[in-house]
Amino acid sequence: MKALYFDHFGNSDVFTYGELPDPVVSKSELLLRMEYIGLNYADIYRRKGEYHIEERSPYINGYEGVGTVIDIGSADSEYNIGDKVFFVYVPFSNAELVAVPKENAIKLPSDMDSKLVASIGLQGLTADFLAHDLGNGLESSNVFVHGISGGVGQILAQMLTADGLNVYGITSSKEKQQMALRQGAKRVFLRNSDWQEDYLSYFDTVYDGVGITLLDSIDLVKHRGKVVFFGMAGGNPPKIDFVELLSQSKSILTRDLWDYLTSYKERSERSDRLFKYLREGTINISEPTIFSLSNGKEAHEFLESGKSVGKILLEP
């Protein structure tokens with residue numbers, strides 16, 4: 001099979017695209033021929049050696065995607081050759097063929113488009129987890145989303161809007177600002193503009209996946225409010241004075257999605273809820289940017305540039 005791989009950590013120059021042995025499928029796995037592979041910031045951290053990556057030689061990055069079942073490890077009535085399946089947090093997906101544990105495989109309903117699901121898979125499940133497990137906001141409360149035009153931000157903002165919350169956010173360009181407003185946000189601010197003074201201690205919940213903005217998030221959240229911290233797309237967060245947080249009754253919540261996706265039942269229930277939003281038309285996303293898998297180096301560089309809007313997909 002063709003794969004995108006590397007044998008040492010570093011910048012995007014470490015990648016090689018070429019032939020590697022096909023995966024060997026166990027009785028508990030499905031073999032998928034990949035259609036779309038999701039690219040995430042975590043893949044950049046893995047390439048640099050700053051985040052967990054599954055051991056193998058050479059390394060194959062990538063942990064999510066959509067593909068077609070071409071082999072089943074053992075007779076199993078739940079799956080058939082030709083089924084469309086998507087998965088998250090299964091290693092070695094930057095390849096034409098991926099072995100996926102049946103426990104991690106989620107069948108695509110017949111009315112769900114492969115590209116759409118690949119574009120929302122991990123980000124959609126992340127948004128569901130943030131909105132309904134960590135945020136859990138009351139209807140009509142005011143919430144703020146950092147990076148509202150990004151992969152998670154777009155879906156999260158629309159999910160919160162559909163749940164009846166007032167969504168505000170920040171982004172880097174007027175184009176992204178208009179997109180977020182079209183998707184239902186109440187107000188969207190431009191980065192480097194003068195807006196924060198009017199919104200100090202204003203929001204019930206602030207969602208922060210940027211990291212370096214954590215102190216700003218604490219300033220924006222009201223007393224007895226909460227900051228949901230879920231990532232470091234912009235860099236490591238600053239040190240926090242928890243005594244000051246205590247005096248203001250402000251909370252920081254952070255949890256790991258993978259502690260909430262530990263069974264097929266949990267994956268299926270969250271996916272069904274995500275599909276429901278899509279069917280109702282309450283979540284619409286920008287068209288993904290697609291690179292061929294052979295151009296994985298360029299895809300990583302584009303994601304790191306900060307110029308992407310929405311999801312980046314790799315196509316074998």
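The model is predicted: local features need pLDDT of at least 70, side-chain atom pairs count only at pLDDT 80 or more, and totals for chains, interfaces and linings use all residues. Residues are numbered from 1 along each chain as its sequence is written, and side-chain values use heavy atoms, with hydrogens and water left out.

The second largest pocket holds about 210 Å³ of space. Of its 15 lining residues, Pro23, Arg56, Pro91, Phe92 and Ala99 are the closest to its centre. Strand E7 (residues 97–101) gives the most to this lining, with four residues. A pocket is an open set of points on a 1 Å grid over the protein atoms alone, with protein on both sides within 12 Å along at least five of seven lines; lining residues have an atom within 4 Å of a point.

## The largest cavity

There are three cavities of 30 Å³ or more in the structure. A cavity is a set of grid points where a 1.4 Å probe fits but cannot get out. The largest cavity has about 40 Å³ of space.

Its lining is formed by Ser119, Gly150, Gly151, Gln154, Ile155, Ile285, Ser286, Gly310 and Lys311. By class, two of these residues are nonpolar, six polar and one charged. Helix H3 gives the most to this lining, with three residues.

## Helix H2 against H3

Helices are DSSP runs (H or I, at least four residues) and strands are runs of E (at least two), numbered from the N terminus. The axes of H2 (residues 114–135) and H3 (residues 151–162) come within 8 Å and cross at roughly 45°.

The contact (heavy atoms within 4.5 Å) involves residues of H2 including Ile120, Gln123 and Gly124, and residues of H3 including Val152, Ile155 and Leu156. It has nine nonpolar, five polar and one charged residues.

## Helix H2 against H7

The axes of H2 and H7 (residues 264–280) come within 9 Å and cross at roughly 105°. H2 and H7 are therefore roughly perpendicular (65 to 115 degrees) to each other.

Among the residues that meet are Leu116 and Val117 in H2 and Arg270 and Ser271 in H7. This contact has nine nonpolar, four polar and four charged residues.

Key. Axes fitted to C-alpha atoms, helices over the stretch in contact; angles between N-to-C directions. Nonpolar A, V, L, I, M, F, W, Y, C, P; charged D, E, K, R; others polar. Points joined across faces, edges and corners; volume = space filled by probe spheres on them. Parallel < 35°, antiparallel > 145°, perpendicular 65-115°, else oblique.
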